[in-house]
Amino acid sequence: MRIIRGKYGRRRFDVPTNITARPTTDFARENIFNVLDNMIDLEGKTALDLFAGTGAISLEFLSRGCASVTSVEKAATQYNFIRKVAAQLDDPNLRVIRGDAIRYAQTATTSYDIIFADPPYDLPGFADIPGIILGSKMLHEGTIIVIEHSRNHDFSSLPHFVDHRTYGSVNFSIFVIDQSE
């Protein structure tokens with residue numbers, strides 16, 4: 001796994017072979033971050049990575065200057081890998097939480113500037129996840145939410161939807177919270 005750009009750009013980390021996560025491809029990750037870079041200056045922002053997997057998205061946020069990045073991952077192998085990389089980087093702006101991402105979204109009261117969610121595509125109740133996030137207390141005016149999903153889902157009818165991007169087999173639905181809606 002590599003970090004694409006920013007202060008940790010081009011750093012590589014060996015992902016354990018027993019990780020069961022489906023990491024976002026470098027191609028898709030680079031492109032969605034190009035989209036985000038055109039929407040918001042990541043410097044100093046707060047980011048949440050739900051279903052963090054290998055932590056590649058979290059590390060990309062951290063590398064690009066986010067002031068605070070929270071990674072939520074349930075699986076022990078993935079959680080331990082993210083913690084190991086965080087220790088190697090020795091960056092105090094990364095917080096790693098071992099827990100259920102849906103439960104976190106339902107109970108968290110901290111708001112974030114950017115929320116990225118990449119649930120397993122076969123997760124029961126997958127289609128409910130955007131609504132759970134959109135109904136949470138983690139949002140404020142201007143929060144950007146990115147949901148990674150397969151082509152089997154269309155979230156364009158949900159409130160605050162602004163864009164859909166496809167990179168290979170990876171799809172992203174993007175929402176921006178506008179309180180005037």
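**Surface, fold and cores of the predicted model**

The protein exposes about 8600 Å². Carbon and sulfur atoms supply 46% of that area. These values come from a predicted model. Charges were also counted. The protein carries 19 positive and 22 negative charges, and their mean positions lie 7 Å apart.

The secondary structure consists of 5 helices and 7 strands. Along the sequence, their order is α-β-α-β-α-β-α-β-α-β-β-β. The C-alpha atoms fill a box of roughly 45 × 35 × 35 Å along the principal axes. A compact globule of 181 residues would have a radius of gyration near 16 Å, so the 15 Å of the protein agrees with a compact globule.

Contacts and burial were examined next. Among contacts with a separation of 6 or more, 68% join residues 24 or more positions apart. Buried residues make up 49% of the 181 residues.

The largest nonpolar core has 35 residues. Phe61, Val146 and Phe172 have the most contacts inside this core. At least two core residues come from each of α1 (26–39), α2 (56–63), α3 (76–89), β3 (94–98), β4 (114–117), β5 (144–149) and β7 (170–176). Helix α3 gives the most, with 6 residues.

Leaving aside residues up to four places away in sequence, Phe61 touches Phe33, Leu36, Leu42, Ala47, Cys66, Val69, Ile114 and Phe116. A second core is separate and has 23 residues. Among them are Ala101, Ala105, Leu134 and Leu139.

Terms used:
Residues numbered from 1 in each chain as written. Predicted model: local features only at pLDDT ≥ 70, side-chain atom pairs only at ≥ 80, totals over all residues. Heavy atoms only, no water. Helix = DSSP H or I, 4+ residues; strand = E, 2+ residues; numbered from the N terminus. Rg over C-alpha atoms; globule rule 2.2 N^0.38 Å. Buried < 20%, exposed > 50% of the residue type's maximum accessible area, 1.4 Å probe, protein only. Contact = heavy atoms within 4.5 Å. Areas by Shrake-Rupley, 256 points an atom, 1.4 Å probe, with all protein chains shown as cover. Lys, Arg positive; Asp, Glu negative; His and termini not counted. Charge placed at Lys NZ, Arg CZ, Asp CG, Glu CD. Core = buried A, V, L, I, M, F, W, Y, C linked by side-chain atoms within 4.5 Å.
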